[in-house]
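Hi,

Here is the structure I promised to pass on. Have a look at it first, and then read my notes below.

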Amino acid sequence: MKLAFWKIAQSYNLADMNDAYDELEKADEAAALSFKRYNPKCFCRAYMSTSCKADVITSNLAETFNGYIIHARNKHLVDMMEDIRAQLMQRLVVKRKEMQQHTGLLCPRIQERLEKEKHEAAKCRVIPSSDTLFEVGYYLDTLTVDLDARKCTCRKWDLNGIPCCHAIACIFFCHGNTEDYVHESYTREMYLKTYSGTIPPLEGERHWPTVNMPIDPPPIKVGPGRPRKNRVKDPHENPKKQGKLTRHGIEMTCSNCQRKGHNKRSCPNKGSTSALPPPQPKRKRGRPKSTGEASISTVHMHESQVHHDNTVEPGRIGKGGKVAYTGRGRGRGADAGSIQASTSGKGRGRGRGKGRGRGGLPQGIGVLFGSDGSVMTNVMPMSGQPVAGPPTEGNINVSQGGSNQIIGSQNTTF
């Protein structure tokens, strides 16, 4: 209700005011009737005269000055006037020096308001009727602008003297300067003229001239109770924060179903499927961190691939000077991954370097064991020829360091 009330009061023209009033009437008919009883012509912008060049509809200016002299109000009449005079004398000098440092054509705050209107001007569509008359389309509304008379249908430019977004769009259409169409009272030159005056300083009471005329002070009538010092506060003003209003009158919005009138705790759709899903969490900035499991599995896959790719070529000298023999034949033995040969493991197959072979030594690099358990080494001597000859039929090759590890025979021990 509070927002609807301010929307009506801050409307610049009757069309916007009536639309805002209809919204209030749909929400609460009794509140709309109560609004009209206060005579809107006294406080709505739509009924204000355009000759004042101000759109202020609140008493904030008086409240600001009241807070400015709050400490002087507690003193005696003469002392209070002296404090106010000294404060205003200093204020004139400070404001004048601040504006002298500014180099723009307009006052800083007026320039900020003008920049906001320039951004809104990009949403307008301008249709010229003459050199100074234009028809402007703004969303679904159509307005007229007169640059010579400095008027617009929205009455915003007429009332405060600052071009509205519709007028700025027309000024841009004519390749003009928007600062030239602002009322002269908002210029830097006029501001300096306003603060050009000074308040003369005064001597203290000890230096005042004395007269031989008795002057009695006027009678002071003291009222009952303690005199009021603070201003009249708004009924919904926060007592802990001066000048800040509470959230009274603000319509809350539920974060669960996005409807107005209740919050998430009292939501009627709480726990139902009609409620909207929670918003997705925001993605963290930067690169995503890699987990340890992925890196470990990648390393294992790499090691496994290297293990399977390694081969022992026949006729090559391997690690430690061991000779790698080759041959074809059938063999019986245990699994390649086992550490010690099992007596029950049986398997038959044909392949290169597996089991007992005919026509060459088994493929691999390692130590040869005989049928009686003796060790037959094939370490290369200084001449480069192997010491032991080809293994007998009872021998088996245990390959260490190569990719093809074959452990076989019942008499084999590691």
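**What I found**

The protein's secondary structure comes to 10 helices and 9 strands; helices (H or I, at least four residues) and strands (E, at least two) are DSSP runs, numbered from the N terminus. Keep in mind that this is a predicted model, where local features need pLDDT of at least 70 and side-chain atom pairs count only at pLDDT 80 or more, while totals for chains, interfaces and linings use all residues. Residues are numbered from 1 along each chain as its sequence is written, and side-chain values use heavy atoms, with hydrogens and water left out.

Some overall values to begin with. Of the 414 residues, 26% count as buried (under 20% relative accessible area; exposed is over 50% and partly exposed is in between, with a 1.4 Å probe and protein chains only). The accessible surface comes to about 30700 Å², and carbon and sulfur atoms hold 54% of that (Shrake-Rupley method with a 1.4 Å probe; for residues, only the protein chains shown count as cover). If you take the contacts (heavy atoms within 4.5 Å) with a separation of 6 or more, 53% of them are between residues 24 or more positions apart.

Now to the strands. S2 and S3 pair in the antiparallel sense over 6 bridges (two strands pair if DSSP finds at least two bridges between them). Gly137 stands opposite Thr142 in S3. The S2 and S3 hairpin has 2 residues between the strands, and Tyr139 there takes a positive phi near 55°. S3 also runs antiparallel to S4, joined to it by 2 bridges, with Asp146 opposite Lys151 in S4. That hairpin has 4 residues between its strands, and Arg150 in the turn has a positive phi of about 55°.

Helix H8 (residues 165-173) is worth a look too, as 7 of its 9 residues are buried. Those residues, including Cys165, His166 and Ala167, pack against helices H6 (108-121) and H7 (156-160) as well as strands S1 (124-128), S2 (133-138), S3 (141-146) and S4 (151-152). After H8 comes His175, with a positive phi near 60°.

What does the largest nonpolar core look like, and which residues have the most contacts inside it? It has 27 residues, and Ile110, Val145 and Leu147 have the most contacts inside it (a nonpolar core is a set of buried Ala, Val, Leu, Ile, Met, Phe, Trp, Tyr and Cys residues joined through side-chain atoms within 4.5 Å). H6, S2, S3 and H8 each supply at least two residues of this core, and H8 gives the most, with 6 residues. Apart from this core lies another, of 9 residues, among them Tyr21, Leu24, Phe35 and Cys44. Leaving out residues up to four places away in sequence, Val145 touches Leu133, Phe134, Trp157 and Cys170, among others.

How many disulfides are there? The count comes to 0, where a disulfide is a pair of cysteine sulfur atoms within 2.5 Å. For Cys42, the closest cysteine sulfur is in Cys44, 9.2 Å away, which is too far for a bond. Cys42 counts as exposed because its relative accessibility is 64%, whereas Cys52, at 44%, counts as partly exposed.

Lys97 has 52% relative accessibility, so it counts as exposed. Lys97 and Leu192 are 95 residues apart in sequence, but C-alpha to C-alpha they are 9.1 Å apart in space.

Cheers
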